[in-house]
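Visitor: Could you take me in for a close look at one single spot in this protein? I'm new to this, so please start with whatever I need to know and then walk me there.

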Amino acid sequence: MPSSCQANRSHEKLVVAICTYRRPRALLTLLNQLSVIEGRDHAIVLVVDNDPDRSAEHVVHDFNEKSAAGIVYTHATPQGIATARNVALDFGGERSLAVLFIDDDELPEHTWLKSMLSKHTSFPAAIIVGPVRPEFVGTLPNWAPDGFFWRRTEYADGESISVPIGSGNMLCPNKITIGGLRYDTDFDLAGGEDTHFTLRWLAANERIVWSAESAATERVPEERMSLQYARERAYFTSMGYQHAIQKLTGRRKTLSALRVARRWGLAALLWVYGTAASSAPMVARAQIHAAAARGIWAGMQGQWVNRWAKYQVDV
């Protein structure tokens, strides 16, 4: 059951939800940041601890003791990101509030919450998504001197997005929290839950709107700057995406096979030109495309992998 040292207040407009798994240092940094951003008084901050050992509980307790911030703590079982996000959506739905997700390894900009609330006021029935930009902890590797692998697509402010998108900086409106749309727990450990969730939302002719001013940064430690990490992440991400579209649309394997062929074709071209030009970034892109092709193929064969425990880095 959620616990807090602070009663709900009538002027709270949404829930800021942090789903966390064994990142106590990162969680504390995020809680400190949230305590000083604009609009903090309009939000309930909820920490959903998905660690069986409840590693976030003492962080929230100590933070509340020192600051009287009233952070709400709850424990979500079984382990899985879809399960944790659903606990947050249920919490918001019980209070008729929207839920704004931020990942435990991200930090919001000072006006993040204020701008999210503004965009939510303008588009009350839409999912609102903001940018997540990398903050590199260490020197970028020679295979990605521009940081291409960690940079995400951005859109014009207020633009409607027609493709599935991640949940790391995303506001779910009352239409979701009260209406009952939830993440599919089949994706708890393998990933792809956000792709499946937003695909279902778009398939129902609902809107996803970009909020360019609602930015957060994601810390990228050195452990995530290796080419091996990039290859493995491309593999698992593509596998999860394939699971999501296959489950939702029943996409024929012929079409998915074409996606695999396209990835392999790009990998071959980049490898040839990159090797000829002695270009480490081009060869790296070739390897990442090849890993993505293998991930799509694995997803087509119904393979699932628990990737979360391996890539949890406390920063």
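Guide: Let's start with a word we'll need: a contact means heavy atoms within 4.5 Å. Keep in mind, too, that this is a predicted model. Of the contacts in the protein with a separation of 6 or more, 82% are between residues 24 or more positions apart.

Now the overall picture. The protein has 9 helices and 10 strands. Its radius of gyration is 20 Å, close to the 20 Å that the globule rule gives for 315 residues, so the protein is as compact as a globular protein of that length. Along its principal axes, the C-alpha trace spans about 65 × 40 × 40 Å. Buried residues make up 51% of the 315 residues.

Our spot is D51. Look for it in the loop between β2 (43-49) and α2 (57-67). Is D51 buried or exposed? D51 has a relative accessible area of 2%, and buried means under 20%, so D51 counts as buried.

As for charges, the protein has 34 positive and 33 negative ones, and their mean positions are 7 Å apart.

Terms used: Residues numbered from 1 in each chain as written. Predicted model: local features only at pLDDT ≥ 70, side-chain atom pairs only at ≥ 80, totals over all residues. Heavy atoms only, no water. Helix = DSSP H or I, 4+ residues; strand = E, 2+ residues; numbered from the N terminus. Rg over C-alpha atoms; globule rule 2.2 N^0.38 Å. Buried < 20%, exposed > 50% of the residue type's maximum accessible area, 1.4 Å probe, protein only. Lys, Arg positive; Asp, Glu negative; His and termini not counted. Charge placed at Lys NZ, Arg CZ, Asp CG, Glu CD.
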